[in-house]
Amino acid sequence: MIRVLIADDQAMVRTGFGMIIGAQPDMEVVGEASDGVEAVALARKLKPDVALFDIRMPKMDGLEALRLLAGPGVADPLRIVVVTTFDLDEYVHQALRNGAAGFLLKDSGPALLIEAVRAAVSGDALISPSITVRLLEHLSPPAPATDEGGLSPRELEVVKLTARGLTNAEIAAQLYISVGTVKTHLGSIHTKLDTRNRVEIAAWAWERRLVG
C-alpha cells in the first residue's frame, strides 16, 4: 500500500486529492496538513511513501518544508510532489534545488496526479510537459554551450527528451531502443550529472538551453 501525505492550506483541495488517492486500490491517505510546519511534523512522524505539497502555505511555505524533508544533505529524503498553481517562476527553480520529485498544476487531473505518485514511489519523477515548457526554459542564465557534463551523444538525446516530459516508454519509442536501455542511460546520466531524478535532469538541460 502506497502511503500518501497531503499538505495544502485549502480544505477542498485536500479533500479532492484525498478522494482521488483513496479511490486507488493500492493507495491510502495517512495524513493531512494545512500548513508547512504541520506538514514537516507529520512527515517526520508518519514517514509516508510520497507527499503532495502546495507551495503557498501558512507558517512555513512548501519550499522550506521541501528543503527540510528532501533538500541537499538530507540523509533519507522524502519523495515530495509539488502540486500548485505556480504563480511565480522562481518558486519552481527553488523547488528543483530543494529536491522535488515531481511537478503538477492543480488542474492537471486525477490521472496525472496518480501517475506522479507512482513515479515518485519508483524513484522517478513526473514533470508536467506544460510546466516544463512554460517555466524551466526561463529559469536561469544559460550555462556555456560546451558544458555537456561528459555525456555521450545518446545520453544527451535521452536528456533532451526527458526535459520535454517524455516517459521512459516514449523515449524508447522515439529513439528505437528498449525501455531497459533507457533506464540504463538514465542511470549513467544521474551518475555523471550528480542528479537524483528526472526533475533535476530537466533543470540541467533547460539551464543549458539544450531544449528549445
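Which residue in S2 is the bridge partner of Ile2? It's Met27. This is a predicted model, where local features need pLDDT of at least 70 and side-chain atom pairs count only at pLDDT 80 or more, while totals for chains, interfaces and linings use all residues. Residues are numbered from 1 along each chain as its sequence is written, and side-chain values use heavy atoms, leaving out hydrogens and water.

**View 1. S1 and S2 run parallel, joined by six bridges.** Strands pair if DSSP finds at least two bridges between them. Strands (E, at least two residues) and helices (H or I, at least four) are DSSP runs numbered from the N terminus. From S1 the chain goes through helix H1 (residues 11–22) to S2, a right-handed β-α-β crossover: with the strands pointing away from the viewer, the path from the first strand over the helix to the second runs clockwise.

**View 2. Phe53 sits in the largest nonpolar core, which has 27 residues.** Such a core is a set of buried Ala, Val, Leu, Ile, Met, Phe, Trp, Tyr and Cys residues joined through side-chain atoms within 4.5 Å; buried means under 20% relative accessible area (1.4 Å probe, protein chains only). Leaving aside neighbours within four places in sequence, Phe53 has contacts (heavy atoms within 4.5 Å) that include Leu5, Ala39, Leu66 and Ile80.

**View 3. Helix H8 (residues 168–175) has Asn168, Ile171, Ala172 and Leu175 buried.** They line one face of the helix, because they fall within an arc of 100 degrees seen down the axis of H8; the arc is that of the directions from the helix axis to the C-beta atoms. Their cover includes H7, H9 and H10.

Key:
Buried < 20%, exposed > 50% of the residue type's maximum accessible area, 1.4 Å probe, protein only.
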